[in-house]
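Visitor: I'm new to this structure. Please pick one part and take me through it slowly, close up.

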Amino acid sequence: MPSLDVHHIGYLVKKIEKAKQAFLALGYRIEQDTVLDDLRNVKICFLIKDGYRIELISPVSTDSVVSGLMKKYKNSPYHICYETVDLDASAAELTADGFLAIDTPTPAPALGGRRVVFLTSASAGMIELLEKDLSS
Ligand code: NI
């Protein structure tokens, strides 16, 4: 199994600008300012503190991929993203271990177009796999 390296914690927020201010007050710095992901109808920004990377995700329409989750979770962390050198192999191995893919690998505009896929486990909740950028 390719190693899975923690890349970020995904944090659902209703209002991304207000959330960003709150995280800045906690001492986070902006790693990548707000980007629109028009495949998923969400706004995304990345913040860093003490080596921890947080992704703020906010719906821009009622049909965004997170609109349903927003109703359930409000402002809350909801996934951990793991980087892997082989997205398809990691997804297949996790599926064999009982994880269920909830979408198909799709480019993420906020991550340089690298592919991501979301999986869920009844006992571990939602995770995201991110294809490692092998060119850097
Ligand atoms: Ni994420």
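Guide: Let's start with strand 1, which is joined to strand 5 (residues 76–84) by 7 bridges, the two running antiparallel. Before going on, note that this is a predicted model, where local features need pLDDT of at least 70 and side-chain atom pairs count only at pLDDT 80 or more, while totals for chains, interfaces and linings use all residues. Residues are numbered from 1 along each chain as its sequence is written, and side-chain values use heavy atoms, with hydrogens and water left out.

A word on terms: strands (E, at least two residues) and helices (H or I, at least four) are DSSP runs numbered from the N terminus, and two strands pair if DSSP finds at least two bridges between them. Strand 1 also has 4 bridges to strand 4, and those two run parallel. G10 is a handy landmark here: its bridge partner in strand 5 is H79, and in strand 4 it stands opposite E55.

Both of those partners turn up again at the metal. The nickel ion has H8 (NE2), E55 (OE), H79 (NE2) and E128 (OE) as its protein donors, 2.0 to 2.1 Å away. Donors are N, O and S atoms within 2.8 Å of the metal (3.2 Å for Na, K and Ca), and the site may look incomplete because water is not among the atoms. Angles between the 4 donor atoms go from 88 to 175°, so the arrangement is irregular.

Along the chain, the donor spacing reads H-x46-E-x23-H-x48-E. Buried means under 20% relative accessible area, exposed over 50%, and partly exposed in between, using a 1.4 Å probe and protein chains only. H8 is buried at 0%, and E55 is buried too, at 4%.

Counting contact as heavy atoms within 4.5 Å, and setting aside neighbours within four places in sequence, Y78 touches G10, Y11, L12, I57, V66, L69, Y73 and M126. Y78 is also one of the residues with the most contacts inside the largest nonpolar core, which has 16 residues. Such a core is a set of buried Ala, Val, Leu, Ile, Met, Phe, Trp, Tyr and Cys residues joined through side-chain atoms within 4.5 Å. Strand 3 (42–49), strand 5, strand 8 (115–121) and strand 9 (125–131) each give two or more residues to this core, and strand 3 has the largest share, with 3. There is a second, separate core of 9 residues, including A19, F23, C45 and L47.

Zooming out, the protein has 3 helices and 9 strands. From the N terminus on, they run β-α-β-β-β-α-β-α-β-β-β-β. Among its 136 residues, 39% count as buried. K74 is exposed, at 54% relative accessibility, and has a positive phi of about 55° although it is not a glycine.

Technical notes:
Four donors count as tetrahedral if all angles lie between 85 and 135 degrees; four count as square planar and six as octahedral if opposite donors are over 155 degrees apart and all others between 65 and 115; anything else is irregular.
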